[in-house]
Amino acid sequence: MMKKIIMLTMITCLFSSCVVVKEYEKVNINDPDMALADKKCDRNVTTAHSYREAAVGANGGKTGGGCGCN
Amino acid sequence: MCVFAFAKAYSQTSQDSTKVYKKRVLETVEVDFLSSYYSQDGDNAAVSGGIGTEELTDVTGTFVVSIPLNDDDVLTIDAGVSAYTSASSSNVGPFDDGPADPFQASSGASSSDLWANVTGSYSHSSDDRNDIWSAKLSVSTEYDYFSVGVGGSYTKLFNEKNTEVSVNGNVYIDTWNAIYPTELRPFGEGGNGLSNRLFTQNTITGNTNYAPIFTEFADEGRNSYSLGFGFSQILHKNVQGSLALDFVQQQGLLSTPFQRVYFGDVADSFIENFQLADAIERLPDSRFKVAAGGRLNWYLNETFTVRTFYRYYYDDWGITSHTASIEVPIKITDKFTLYPSYRFYNQTAADYFRPYEEALSTDEFYTSDYDLSEYSANQFGFGVSYTDIFAKAHIWKLGLKSIDLKFYQYDRDTTFSSSIITAGFKFVMD
């Protein structure tokens, strides 16, 4: 698993070296719906998932704190 | 030589007298009000050993206030409360009044609680906005739990802000105020066992020689340490993605003290219809978790955007999990956007999970918490957002910038299902 993650990161880095989007070309990238995070109003949904599901992390949600026991 | 010296001096003077324009990280005070109503139900309550109602409702309200302290620094205060009522946890004490039954709520103190949280965070950006440091402190409390968290992160942007790498760390120091099932308390330290009035005033049926395995937890602390790495990249003027890798180590009391377990090799005892606990769940005092996830967002055109997410999760309790989701924001006008979404989740069972009556009294660890069982879940969502970039509507000095409303329906392939309605209101100060 770790090897795959490292490989994926390296491939993405290689892509990054040949693509540079200029600031004036980032109109679409800067669209709020393109944000690489959940919307704030989804925070309680992520919290509910972290209480009811075993998996946490890698999604911007909490990774600790609180019992999540109810 | 003199000309060179003059030119150099002039250029230095010119540089000194030139003011570099620096955009503020945050232009003005922003206030978010977030609220949600959550409800769930199912037939596998952990409080009653894997059988019984999981009915629960929860209402939350949170204010998030972001204050620009200067061009570079932002202070964010995040304060919220969450109030729940739970038929499941009401059965920590099922013998209060009315019929004792795992499928019916009790009226005791454990049927509701209030959770409150305050988090303060501070971020600083460098002049070129390529370096961002942040730190945060959080405190949360509820009747049987208290948590203090500290954290920090560093983010570096380069490649003309096309590439971003980040690292973050968090530590949570938590303390339980352990609450045990009512019928087990007489068997704790200083208890009077079957002489307790619970047993003298009620009739035990089935195995009348009720003798649970029970000792109170000596250490009620739980610490969580997390370390996370992030990488994001603009791949095209319409496509960007990110990778995240989180490691979490938890230590201390990881069992939930009021969750019952019924052993298959012990005769059952009852008061009314409620089966008396053979034990409470016992889980190891450490857990190591790894989560690796990625996002890929694609701006298709002025109407459609595609947002995707995938995560793989592993922990040393034997659970592996996959999460995948897709959301397709659809801009129907310049003010309104629709948000249809779908999410799939599955997980394998923890090594210590045993359904109702399948754990043995000789096992070292056991739980009948179906949140740790094997299952898969589908979630469908739909939302709508309203955005007014000019924030014309006002409350006092705050202009309403956006409203988000979303609904999600979540169904496991067991009896469990839940739904949540969320609302978010964003204001900016004039």
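Modeller: A helix here is a DSSP run of H or I with at least four residues, and a strand is a DSSP run of E with at least two. The model under discussion is a predicted model.

Biologist: How many helices and strands does the secondary structure of chain A come to?

Modeller: Chain A has 70 residues, of which 43% are buried. Its secondary structure comes to two helices and zero strands.

Biologist: How many helices and strands does the secondary structure of chain B come to?

Modeller: Chain B has 430 residues, and 36% of them are buried. Its C-alpha trace spans about 105 × 50 × 40 Å along the principal axes. Among contacts in chain B between residues at least 6 apart in sequence, 62% join residues at least 24 apart. The secondary structure of chain B comes to three helices and 24 strands.

Biologist: On the side of chain B that touches chain A, how many residues are nonpolar, polar and charged?

Modeller: Between the two chains, 71 residues of chain B are in contact with 42 residues of chain A. By class, that side of chain B holds 26 nonpolar, 32 polar and 13 charged residues.

Biologist: What covers the buried residues of H2(A)?

Modeller: Helix H2 of chain A runs over residues 43-52, and its buried residues are Arg43(A), Asn44(A), Val45(A), Thr47(A), Ala48(A) and His49(A). The cover over these buried residues includes four strands of chain B, namely E1, E2, E23 (398-412) and E24 (417-429).

Biologist: With which strand does E2(B) form a hairpin?

Modeller: Strand E2 (residues 56-68) of chain B pairs with strand E1 (residues 30-41) in the antiparallel sense over eleven bridges, and Gln40(B) stands opposite Leu56(B) there. E2(B) also pairs with strand E3 (residues 73-86), antiparallel and over 13 bridges; the bridge partner of Asp58(B) in this pair is Tyr84(B). With four residues between the two strands, E2(B) forms a hairpin with E3(B).

Biologist: Does His236(B) count as buried, partly exposed or exposed, and why?

Modeller: His236(B) is found in strand E9 (residues 221-236) of chain B. A buried residue needs 20 or more C-beta neighbours within 10 Å, and an exposed one has 12 or fewer. Because His236(B) has 14 C-beta neighbours inside 10 Å, it counts as partly exposed.

Biologist: Which residue of E10(B) does His236(B) stand opposite?

Modeller: E9(B) and E10(B) run antiparallel and are joined by 14 bridges, with a hairpin of two residues between them. Strand E7 (residues 163-176) of chain B also pairs with E9(B), antiparallel over 13 bridges, and in that pair the bridge partner of Tyr172(B) is Ser224(B). In E10(B), the residue opposite His236(B) is Val239(B).

Biologist: What separates the C-alpha atoms of His236(B) and Phe274(B)?

Modeller: The two residues lie 38 residues apart along the chain. Their C-alpha atoms are separated by 61 Å.

Biologist: From which element comes the largest share of the largest nonpolar core?

Modeller: The largest nonpolar core has 42 residues, and those with the most contacts inside it are Val261(B), Ala277(B), Ile280(B), Ala291(B), Ala350(B) and Tyr352(B). Three strands of chain B give two or more residues to this core: E10 (239-252), E14 (279-280) and E15 (286-299). The largest share is four residues, and it comes from E10(B).

Definitions and conventions. Residues are numbered from 1 along each chain as its sequence is written. Chains are lettered from A and ligands numbered from 1 in the order in which they are written. This is a predicted model: local features need pLDDT of at least 70, side-chain atom pairs count only at pLDDT 80 or more; totals for chains, interfaces and linings use all residues. Two residues are in contact if their C-beta atoms, placed from the backbone, lie within 7 Å. Ala, Val, Leu, Ile, Met, Phe, Trp, Tyr, Cys and Pro count as nonpolar, Asp, Glu, Lys and Arg as charged, and the others, Gly among them, as polar. Two strands pair if DSSP finds at least two bridges between them. A nonpolar core is a set of buried Ala, Val, Leu, Ile, Met, Phe, Trp, Tyr and Cys residues joined through C-beta atoms within 7 Å.
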